[in-house]
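Here are my notes on the model, point by point. Please read them with the structure open.

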Amino acid sequence: MDISFSAVLSQIMLGLNNGAFYALLSLGLAVIFGMLNVVNFAHGAFYMLGAFAALLGLDYLPRLLGSDVGIGFWSALLLGPLLVGLLGVLIEKTMLQRLYKVDHLYGLLLTFGLALIFEGVLTNYFNVAGEPYSGKPAMLEGAVNLGFMVFPAYRLFSIVFSLLVCFAVWYLAERTRLGSYLRAGTENPDVARAFGIDVPMLRSLTYFLGVALAGLAGVVAAPIYSVSPKMGSDLIIVVFAVVVIGGMGSIMGAIVTGLALGLLEGAVKVFYPPLANTVIFIVMALVLLWRPAGLFGKER
Amino acid sequence: MQARIKTLVVATVVALPLAAQAAEPLKIGILTDMSGVYAGVGGKGSVIAAELAAADAGGKVLGRPIQIVAADHQNKADIGVSKAREWFDTQGVAMINDLTNSGVGIAVQRLGTEKKRITINNGAGSTALTNKECGPYGVHYAYDTYALAKGTATALMKQGLNSWFFLQADYAFGQSLQNDAAAIVSGMGGKVLGTVKHPLATTDFSSYLLQAQSSGAKVVGLANAGGDFVNGVKQAKEFGLKQTLVGLLVFDSDIKALGLNTAQGMKFTTAYSWELTPEMEAFGKRFFAKAGFMPTMTQAGVYSSTMHYLNAVKAAGSDDADAVMKKMRSTPINDFFAKKGVIRADGRMVHDMYLVEVLKPSESKGPWDQLRLVATIPGDVAFKPLSASECSLVKK
Amino acid sequence: METLASPSASRLEKRVNHPFVSYLPWLVAAVVCLAAPFLIYPVFVMELLCFALFAAAFNLLLGFGGLLSFGHACFFGGAAYLCGHALKVWGLTPELGIVLATLGAGVLGVLIGMVAIRRQGIYFAMVTLALAQIVFFSCLQLPQTGGEDGLQGIPRGMLFGFIDLSAEVMVAGSKIPLAMYLFVLTLCFGGYWLIWRTVHSPFGVVLKAIRENEPRAISLGYRVDAYKLTAFVLSAMLSGLAGATKALVVGLASLTDVSWHMSGEVVLMTLLGGMGTLLGPVVGAVTVVSLHHELSALGSWVTVTIGVIFVVCVMAFRRGIVGEIAYRMKRSF
């Protein structure tokens with residue numbers, strides 16, 4: 001098979017698309033890990049719940065209420081993350097909070113259990129094959145000719161939108177007062193508390209933010225992929241690897257690594273497809289041998 | 001020596017309950033995917049279909065009540081086999097039906113050969129079931145990858161769509177489907193320009209679709225099923241793929257998931273759909289009344305084959321697998337599902353298949369009105385001829 | 001900070017020194033295992049034994065080494081495939097197939113262990129998870145493994161070339177694969193005994209010291225990484241033994257055995273039974289596998305149930321069943 005330059009460019013665009021999702025998800029994981037020291041195994045489930053919020057709001061809610069119009073895409077973009085975030089706060093307040101004092105591994109195990117519950121319950125009511133989401137906004141229908149390829153308008157939007165959100169979060173964390181509190185709370189909770197920062201509140205807020213980002217990614221993904229109870233668990237392990245490669249707790253690291261690995265995966269799909277599934281894990285092993293703390297991480 | 005002492009002790013304990021076994025029920029097992037990718041294809045619907053068949057047979061055969069037991073194999077061959085083994089060994093299940101998923105189907109059929117019990121595959125598609133892996137007690141009932149590929153590929157080739165590119169699920173079932181379709185295409189003078197394999201349960205088909213696009217083939221054949229098929233079609237529309245898109249294994253439930261808007265005009269081969277004949281419609285509506293959805297070809301096959309099995313038990317006067325199997329082979333199947341259907345030496349049930357087309361949204365008269373019959377493919381053309389079978393049970 | 005393993009276990013061990021008391025549990029276990037196939041379906045009992053060994057091997061690493069591996073399924077499943085291939089394609093005898101598969105799991109353990117032990121705690125969990133995914137995808141794509149269909153029709157074969165493992169003997173009115181059962185029983189008891197010996201050896205003591213306080217162990221001059229790697233490889237090999245035996249019992253190796261769900265399941269078995277206790281993983285494995293078995297008709301509610309047990313264990317029951325009993329017993333004295 002001969003590989004033309006435009007074919008490579010096309011795959012790179014697709015890689016960028018995946019990379020943007022990786023970045024959004026690993027960003028949330030990194031924020032939660034940095035602040036709470038919790039590996040949020042339920043992150044994939046929250047992503048899935050975000051997509052379901054969009055789907056249910058559009059298709060099922062109106063049927064339930066007997067009205068004609070459901071919650072459209074743009075409202076879902078706001079409501080989805082909000083709902084998922086609030087669920088996250090509920091979990092943080094009732095369960096996660098009690099685990100900060102014990103071994104961090106328990107946080108991982110708890111969220112693993114939660115992920116199984118969410119996935120199991122939804123599997124009971126929805127087809128694993130996926131339900132179509134038909135709420136794609138009309139203005140994003142169709143495709144844009146980029147010269148070397150025809151690219152769906154919505155995918156283009158999802159790339160730009162995800163990147164904007166990523167940089168907004170980075171700005172929030174690195175350049176604002178709230179962000180400085182967050183970082184202070186992350187690096188030294190005791191000192192932060194001494195300075196009058198409400199650390200438990202800050203932790204809830206962080207979990208809300210991280211989980212809402214996953215929910216947001218879910219809403220953005222809904223029109224592209226089928227909305228299915230398993231959509232999160234397929235993705236979460238890849239995102240874990242992304243976070244390990246980037247170095248946990250580094251926001252910029254998570255964004256850059258997510259994008260780069262998406263591109264790499266896209267390129268591998270052109271040149272040697274059988275490796276596409278594993279390339280990220282192989283990179284992870286190599287990075288660990290070379291820099292155990294990850295590309296952007298500090299050993300701690 | 002030690003074993004003999006144990007024998008004595010345990011014999012007294014075990015002998016008692018074994019004595020009283022008068023009108024023990026005839027158990028039929030539905031081993032299916034209750035929660036996974038194929039739950040909509042088989043799943044609860046298959047259990048309902050089998051229960052319907054048991055009720056239609058009067059709830060009793062040879063004076064024994066018919067009991068339907070069901071289990072979820074979770075699409076895992078090991079879980080399926082251990083469940084089936086337990087059913088055979090301890091529950092006295094006489095026959096297992098459905099067996100959605102080729103991996104489970106092959107494994108359980110092999111176990112059936114070992115344990116001398118009848119297994120009927122309605123959900124699995126791989127032609128291996130009636131070739132390399134065939135068994136004396138295995139029946140492949142509703143469809144197989146050869147029949148699907150044959151019907152669909154032949155029809156498209158006749159329209160002059162003679163260059164193909166395949167997207168193939170990277171496992172035995174996809175391989176079987178792609179092989180069968182590619183053989184038919186090249187056999188009719190067409191060209192296969194390329195095949196790309198994708199892992200099972202892929203969410204992002206875009207890069208594979210781009211390869212298909214740049215291949216310049218007239219037809220993009222999807223040798224996959226369920227969620228993979230649905231995602232592939234949706235994304236092809238999104239990327240504005242100009243080529244003819246064809247699904248090689250499509251269930252009614254997939255069309256439901258895609259919506260007529262996306263699926264309209266697509267042609268595929270099926271063994272059953274309620275729109276096709278008045279008899280099929282009658283069964284579909286009876287099923288719908290119990291289940292709340294229309295049956296897929298797998299679920300319809302479960303009903304038909306369970307009925308055929310029960311009739312054979314009645315005719316044989318016993319549930320002995322050899323006797324029942326003999327009756328099942330010698331009696332033709334005549335019902336809504338098959339006309340003069342015959343179970344061959346290799347286990348293949350030969351019946352007519354149907355080439356159908358998905359309606360335009362404007363043509364649909366209801367939420368389940370999805371398909372139109374294009375052509376009926378006679379059984380002897382649809383299925384792989386017995387002479388070409390690699391089954392060791394076929395005398396040549 | 002509460003560490004992963006409950007300290008109650010080590011205290012309990014001290015009291016069990018009298019020779020009769022220390023042999024009693026083994027005797028009870030032997031009697032139970034010999035009676036089990038007459039009361040319960042024998043194939044199921046053999047599966048339980050394999051999972052119990054798997055969980056015990058996993059616990060060697062988690063409970064006594066303090067290392068949470070989230071990728072142990074790759075040893076269990078990888079060995080199952082290797083054993084199946086050796087028996088089916090190369091025609092080896094069962095005992096050679098199992099030895100080969102166990103060694104294979106050991107080699108895999110060295111490779112993965114060398115990368116993984118560079119990180120601790122949560123990182124270790126994530127790294128093992130990701131590396132196990134490489135094994136999973138390899139098993140999916142290699143032509144020898146049969147992809148989604150799994151490696152089917154693994155023959156039980158002739159043990160040492162002359163004992164037919166597939167033979168079923170009529171014992172007391174029930175058909176029992178006696179030779180197979182005794183073979184599996186021997187393997188699982190052997191594996192479990194090895195774990196027991198390891199925990200009580202000087203090596204096991206150093207391992208526990210590392211778990212309790214790694215910097216201190218380093219300052220005492222122990223080559224911590226070497227100890228961790230040895231424990232990892234030993235655990236991998238015993239998991240492999242369990243996986244290979246299971247492949248022989250059910251006659252197939254499938255993707256389930258290598259998937260990350262299996263890794264999660266073995267964590268649950270250990271957590272539920274009691275980390276760092278010798279009996280805990282066995283109790284946990286029996287509970288979880290029976291649960292799967294009993295609830296299999298409920299479809300995905302099984303997943304929900306497993307998830308709920310996870311949450312309950314983590315929130316309120318961190319000692320696990322055996323750990324909790326041991327803790328209560330100690331307090332009641």
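1. A crossover is right-handed if, with the strands pointing away from the viewer, the path from the first strand over the helix to the second runs clockwise. Chain B has such a unit: β7(B), helix α6 (residues 172-187) and β8(B) make a right-handed β-α-β unit. Helices (H or I, at least four residues) and strands (E, at least two) are DSSP runs, numbered from the N terminus.

2. The model is predicted: local features need pLDDT of at least 70, side-chain atom pairs count only at pLDDT 80 or more, and totals for chains, interfaces and linings use all residues. Residues are numbered from 1 along each chain as its sequence is written, while chains are lettered from A and ligands numbered from 1 in the order in which they are written.

3. The sheet in chain B is open, with four strands in the order β8-β7-β9-β10 and parallel pairing. Strands pair if DSSP finds at least two bridges between them. β8 and β10 (244-247) of chain B are the edge strands, each pairing on one side only. Neighbouring strands are turned by 20° against each other on average, direction ignored.

4. Now the strand pairs. β7 (residues 163-169) and β8 (residues 191-198) of chain B pair in the parallel sense over seven bridges. B:Gln168 has B:Lys197 in β8(B) as its bridge partner. β7(B) also runs parallel to β9 (residues 219-223) of chain B, joined by five bridges. There, B:Phe165 stands opposite B:Val220.

5. Two helices deserve a look. α6(B) lies across β7, β8 and β9 of chain B, at about 170° to β7(B). Helix α7 (residues 206-215) of chain B lies across β7, β8 and β9 of chain B too, at about 170° to β8(B). Axes are lines fitted to C-alpha atoms, for helices over the stretch in contact; angles run from 0 to 180 degrees between N-to-C directions.

6. Confidence next. pLDDT is the predictor's confidence in each residue, from 0 to 100. Chain B has a mean of 87, and 94% of its residues reach 70 or more. Within chain B, confidence is lowest in helix α1 (residues 2-19), at a mean of 40, and highest in strand β5 (residues 118-121), at 96. Where pLDDT is low, the predicted coordinates should not be read in detail.

7. Finally, an interface. Residues are in contact if their C-beta atoms, placed from the backbone, lie within 7 Å. Chain A gives 36 residues to the contact with chain C, and chain C gives 37. On the chain A side, α4(A) supplies the largest share, 15 residues.
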